[in-house]
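Here's a quick briefing to read with the model open beside you. Have a look at the fold, then at how the chains meet.

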Amino acid sequence: MQTSTRQGGVTAPTARGGRIRGHRVLFHITAVLVTLIFLAPIFWVVMASFRPAAVSLQPPLPPWPSDGVGVTFDNYSRLGDYGASVLHYTANSAFVAVGTALLTIVVSLLAGYGFSRYRFPFRSVVFVLILATIMIPFQSILTPLFLLLAKMGLQNTLTGLVFIYATLQLPFSVFMMKNAFDSVPKEIEEAARIDGMKGVRMLARVMMPLVTPGIVTVGLFAFLNAWNEFLAALVLLTDQSKFTLPVLMTAVRYGRYGSVDWGAVQAGVTIMMIPCLILFLILQRSYIRGLTAGAVK
Amino acid sequence: MPDVQSHPLPSAAPTPRRRRRRGWHGLLYTLPALALVVVFFLIPLGMTVWMSLHNWPLLGNARWIGLANYTRLWNDASFWNALLFTAQYTIVSTIGLLGLALALALMVQHQGRATGLYRTVWFLPVVTGFASASLLWAWLSNVDAGLFSPLAQRIGLTEGRFNLLADFDTAFWSVTVMVVWKMAGFYMIILMSGLQAIPGDYQEAARIDGASALQRFLWITVPLIRQPFALALIMCVAGSMLAFDQFYIILNGGPRNQTVTAVYKIFNESFVSFRLGYGAALSVILLLILMVLSIIQLRLLRDRGES
């Protein structure tokens, strides 16, 4: 906005104005080209996933279904040849992602409220402890996690994965929720307390609506990270019926009997990508808020 | 006494202000978070160090061997190769990512309807996840059914089909291009918020003084985004040092095991060969490297907070 008023200013001589218009055209041409390049891989895989089985091993030129064949869902139904149906694996992924989001929201909401509104012994020690785990890459504790889950009877379960993913989200989420509570004026709470609100009821009835943006951000990041996570799922899930989508699709990518069904890979990639893209487009503001709070603030 | 009477006016009450409650009550709220962190992070962390001092097979008894895993690691050429390859990948991808991200950030730093749209689209690959992006790239780079080789042949760039993934150099570049495509938007946003924090007056004043666009970039923009840039740099280096998905999914460590990264090596030792103790020792080394990077990152964040 600032630039456009400056450039469109009445004081600009016409020659300069012409040059600037030329710059703007050049800028938009470059930007549109970059946009097309960034979109191309996503566009290509989504289009190609609807091609019929017969051409799925041919190069995607053009990517859309052609030669008089309409849109088909062959590639999607063939995903069912890998153990259970594709819906089953999507449900596995959805369970892990939604479970992680809910657990993360509940735990970080409570912790954020506690850190923001209470003083208690070891308060700063506990806070620093939770935040400090972000310095340690979880890849380096994967081996003991594998043994630990086995001890707890959680090996090869989606629930075990939910616990691990939620724990990995905590430093960011607790930090986020504490800040959200910190920015709620104390007076609101005081007024509610005078009306007889206390403890968890106060948190649920009075405070929660006021920190909704924080909850959305925390839940969004937890959902996306759990939906997309690959290495822990690969290591901790050994039973094919428990696989999440990324683990299943890696098995599909390595193929069976020496041949790879690329059509099925395209369908799987589309199923994995679309929910993320839609969620981001709807909740873009929450996403960017989390990004700048976590990284830049 | 009727309830209404006992209510003092909120603003007139000095006591509630001081009633930021003390005692153990608050700890209860933070207990679930603390429990998760202790069980699923601190205990495994301690176990990593403990296991690294053992010969620890998947089945059977663990045997204390002191620092033997570490002396073995010192002489393990494949570990050093993995670290070296990870470093090489980190350098190349960081240069590519931050270079492109800075260019993109400069393009979209000002508000506007079109720039908002560009920003959103350029950010889209970031939210798709490494596994999906890697699977997508594995297909696009495939010599028979993919896009890159057939397209290059179709437009006459190469004679016949060239197998990108069979040769180390082209395989490496294919993965690097994927990572730049996927993550450039992320660093663009970080650098962009750095650019937007520069007061517009500075640029304006320099423009009035007759400074060219290049001069303004070199003498105003570059010094003032040094810190967000350093932060992006550390995040990018830390992220690249932990690369696994793309090399496992697209290349399976090949060709000829030349693209095994540090995390990949740990994965192989722990979960393919089931030498859990040795895998733990490698993890400790990787952890130390990443901790140093994180401490630098915290320093940078703190400096910014104070200034």
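Going from the N terminus, chain A reads α-α-α-α-α-α-α-α-α-α-α-α-α-α. That makes 14 helices and 0 strands, where helices (H or I, at least four residues) and strands (E, at least two) are DSSP runs numbered from the N terminus.

This is a predicted model, in which local features need pLDDT of at least 70 and side-chain atom pairs count only at pLDDT 80 or more, while totals for chains, interfaces and linings use all residues. Residues are numbered from 1 along each chain as its sequence is written, with chains lettered from A and ligands numbered from 1 in the order in which they are written.

**Overall build of chain A**
- Chain A has a radius of gyration (taken over C-alpha atoms) of 25 Å, well over the 19 Å from the globule rule for 297 residues, so it is more spread out than a compact globule; the rule is 2.2 Å times the number of residues to the power 0.38.
- The C-alpha trace of chain A spans about 75 × 75 × 35 Å along its principal axes.

- Counting contacts as C-beta atoms, placed from the backbone, within 7 Å, 82 residues of chain A touch 81 residues of chain B.
- On chain A's side, that splits into 57 nonpolar, 19 polar and 6 charged residues; Ala, Val, Leu, Ile, Met, Phe, Trp, Tyr, Cys and Pro count as nonpolar, Asp, Glu, Lys and Arg as charged, and the others, Gly among them, as polar.

**A covered helix in chain B**
- In helix α7 of chain B (residues 130-140), 11 of its 11 residues are buried, including F130(B), W137(B) and W139(B).

Conventions. Two residues are in contact if their C-beta atoms, placed from the backbone, lie within 7 Å. A residue is buried if 20 or more other C-beta atoms lie within 10 Å of its own, exposed if 12 or fewer, and partly exposed in between; C-beta atoms are placed from the backbone.
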